[in-house]
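Please look over the sequence and the structure shown here before reading on. The briefing that follows goes through its features by topic.

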Amino acid sequence: MAIETPAAPERILMKGNEAIAEAAIQAGCDAYFGYPITPQAELLEWMARRMPELGRVFLQAESEIAAINMALGAAATGARVMVSSSSPGISLMAEGMSYMAASEVPMVLVDIMRGGPGLGSIGPAQGDYLQMVKGHGHGDYRTPVLAPSSIAEAIQLVPDAFEMAERYRTPVVILADGVLGQAMEPVVPAYRTPPRVEADWVVNGAAGRRPRVVKSLHLQPEELEAHNQHLQAKYRAIQAAEVRWTGELLEDAEVAVVAYGTAARVARTAIRRAREGGLRAGLFRPISLWPFPSTPLAELATRVRGLLVVELSAGQMVEDVRLAVEGRTPVTFHGRTGGMVPTPDEVLAALRRLWAVTTAQEDIR
Amino acid sequence: MTIREAARGVTAPRVIAGRPALLTDRSTHYCPGCGHGVVHRLIAELLGDLHLADRTIAVAPVGCAVFAYDYLDVDWIEAPHGRAPAVATGVRRVRPDAFVLMYQGDGDLASIGTAEIVHAAARGERITAVFVNNGIYGMTGGQMSPTTLLGDRTTSSPTGRDARASGYPLLITEMLALLPGVAYAARGTLADAGSIGKLRAMLRRAMDVQLRGAGFAIVEVLANCPVGWGMTAQESIDHLQVVAETYPVGVMVDRLKAAGAG
Amino acid sequence: MTVALKSAQAGAAATPSPAWVPLAIAGDRCKGCELCIGACPHGVLALDTAVVNPLGYHPIRLIDAVGCTSCALCARVCPDAVFTVFAPRKEA
């Protein structure tokens, strides 16, 4: 009797930008607004082709400012909306993000980071961590930030982002870099369509109900304070429920690398080489950059000699690592800027220096 | 009416003008005599006449009219300064059946929002733009705007607007009328009761254009700002005659009419 | 034909019945801007300086109901929509 083997799931080669776009489409994205900027133009182009095929909305805006405001309008009526850009364009969207967070309008924003500051370069970077995690625009607000480190993970995080956006009524950021956007990887796309949430706040024409307003102006101090307290309560709820991170080889680690996105992939190779050389290294990879996985990181800090933070920047997440660790263990940093990507050997060398320094300090004692 | 009343020839009083139902019951924060009040009233009348209230999604500006959502009883979205046309575009694209109305002042539309209004018009977005032009930033204390007349003294042009420093008043509606996507562009004024009647007809036409899917429609209103201009209400209304010398009143383009579509 | 015209022709000082006035004014919403005074062709409106409304203004008052022809120009220029204008009273 022949045994039937289930057909292997089909792996397809996908470019990161396009995979993210298709994941959004499969997640039920109703409208996409964008503007050409390297290195995410392929996301815009994929949407330009696919959205009209499906009778959904695609519009290339005249600027990133216009794009984020189109998103505000569309999302305020209850549509599931995505916008994408890269570092300089994100700067232009800061005002819109503040308004959307304050007006509690859901949306997914994809940032494919490039070298900066200023016009910078089109190479990959992680120089916008502070911009995205600490709140792109003005005012006391935060947005969840999810950082994939592979195309397969990006595909998984996109529907999660829409879901989180609608559950908490907030913009949600997917933070990647030019490597992830431009690379091609074979993936079994794990698309998912989150169910629609019943929304009692949307403005879609006041038939059969009292009119509503989507706004963020609260001129009375008491009223604005109450609104801010409401937002802060929401952020505390998100912090309690939406922390994501993963660890590799941490159980017996003497030292650990803390890295996200592309830097984490480099670090993964580095810790394996370290282990081959007898150094017990591990990797702590935040997936949610906000809410930052402070508690598990603080716990790890009690067990290791030291932490090495690796970023494609001059050092931004390292500040949050130091805050989380609160001095329990030394925190060192290795980074490259300008579109340069740290190599595994650079990271390995930094790990060995960390180990040597922390061991020497012990010997002195 | 009873037979006795009919015999006496007394008819029940018929209302020929009153407060439109879509104006909320609140007193507005606008200064005495401010043009925003009249424009709000006209919009309320027209949305009521055209039975549009249930499907109107209106976009509010930043400016004195930031509280428009407190006065006109429809769904509103507050836009950042100048961005109303982009917000309205987002609404229009995902809600094909909505009636989309934008309300902006001159600082909002003709200064920081110039890119957004030009591109919404260029795309021929089926939205109706109400552009209240009083040549000043009222809400922030009376600064010069791109539509302030030459020589006018404002808090940021204390010696009078000088073309060498600040250029010439910007004629947005004329510029937009050049674009094929603009189905209707007109400029009305609050200068007298007759003009207000004509303005009402322009606003009605601008709404019709959207309902018929013809494209972008804009009505610029020459409005008064008594406090910003340092005049009494009546003086500021009279001053609109001077404004009209730089900003001519009339219909710049009506493509439905030109096409014989009436 | 309005009551005022008819009574002028008849030469009699006609007074409308107290139950009917051509204008109702929401005085509490008036801001005393006086634009209606400028628009009124018959001079039947004036600020009521004996009253200060809750907004702090002298509200507008109809001072000559007979002279009002219900032309509604006041309602047209009023920024605060304080006027309700009734059609002229008809006599059989």
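**Briefing**

A:Pro291 sits in the loop between strand E13 (288–290) and H11 of chain A. Helices (H or I, at least four residues) and strands (E, at least two) are DSSP runs, numbered from the N terminus. This is a predicted model, in which local features need pLDDT of at least 70 and side-chain atom pairs count only at pLDDT 80 or more, while totals for chains, interfaces and linings use all residues. Residues are numbered from 1 along each chain as its sequence is written, and chains are lettered from A and ligands numbered from 1 in the order in which they are written.

**Backbone features of chain A**

- Most residues other than glycine have a negative phi, and most peptide bonds are trans.
- The peptide bond from A:Trp290 to A:Pro291 is cis, with omega near 0°.
- A cis peptide bond, with omega near 0°, also runs from A:Gly116 to A:Pro117. A:Pro117 belongs to the loop between strand E5 (107–113) and helix H6 (129–133) of chain A.
- A:Arg169 is not a glycine, yet has a positive phi of about 55°. The loop that holds A:Arg169 is between helix H7 (151–168) and strand E7 (171–177) of chain A.
- A:Arg169 is partly exposed because 18 other C-beta atoms lie within 10 Å. A residue is buried if 20 or more other C-beta atoms lie within 10 Å of its own, exposed if 12 or fewer, and partly exposed in between, with C-beta atoms placed from the backbone.
- A:Glu326 has a positive phi of about 50° and is not a glycine either. The loop between H12 and strand E15 (331–335) of chain A contains A:Glu326.
- With 10 other C-beta atoms within 10 Å, A:Glu326 is exposed.

**Helix packing in chain A**

- Two packed helices are described by the angle between their axes and the distance between the axes. Here axes are lines fitted to C-alpha atoms, for helices over the stretch in contact, and angles run from 0 to 180 degrees between N-to-C directions.
- Helix H11 (residues 294–301) and helix H12 (residues 317–325) of chain A have axes that come within 8 Å and cross at roughly 70°. H11(A) is therefore roughly perpendicular to H12(A). Angles under 35 degrees count as roughly parallel, over 145 as roughly antiparallel, 65 to 115 as roughly perpendicular and the rest as oblique.
- The crossing of H11(A) with H12(A) is right-handed. A crossing is left-handed if the near helix is turned anticlockwise from the far one by less than a right angle, and right-handed if clockwise.
- In this contact, A:Ser294, A:Leu297, A:Ala298 and A:Ala301 of H11(A) meet A:Val321, A:Ala324 and A:Val325 of H12(A). Two residues are in contact if their C-beta atoms, placed from the backbone, lie within 7 Å.
- Six of the residues in the contact of H11(A) with H12(A) are nonpolar, one is polar and none is charged. Ala, Val, Leu, Ile, Met, Phe, Trp, Tyr, Cys and Pro count as nonpolar, Asp, Glu, Lys and Arg as charged, and the others, Gly among them, as polar.
- The axes of helix H3 (residues 64–76) and helix H5 (residues 94–103) of chain A also come within 8 Å, and cross at roughly 15°. H3(A) is therefore roughly parallel to H5(A).
- H3(A) and H5(A) make a left-handed crossing. A:Ile68, A:Asn69 and A:Leu72 in H3(A) meet residues of H5(A), including A:Met97 and A:Tyr99.

**Contacts between chains**

- Of the two pairs of chains in contact, chains A and B share the most contacts. Their contact takes 34 residues from chain A and 29 residues from chain B.
- H4(B) gives eight residues, the largest share of the side of chain B that touches chain A.
- Strand E9 (residues 213–214) of chain A and E3(B) run parallel and are joined by two bridges. Two strands pair if DSSP finds at least two bridges between them. A:Val214 is opposite B:Ile77 in E3(B).
- Chain C puts 29 residues in contact with 26 residues of chain B.
- Strand E1 (residues 15–17) of chain B and E4(C) are antiparallel, with two bridges between them. C:Val85 in E4(C) is the bridge partner of B:Ala17.
- Chain A and chain C do not touch, and their nearest C-alpha atoms are 20 Å apart.
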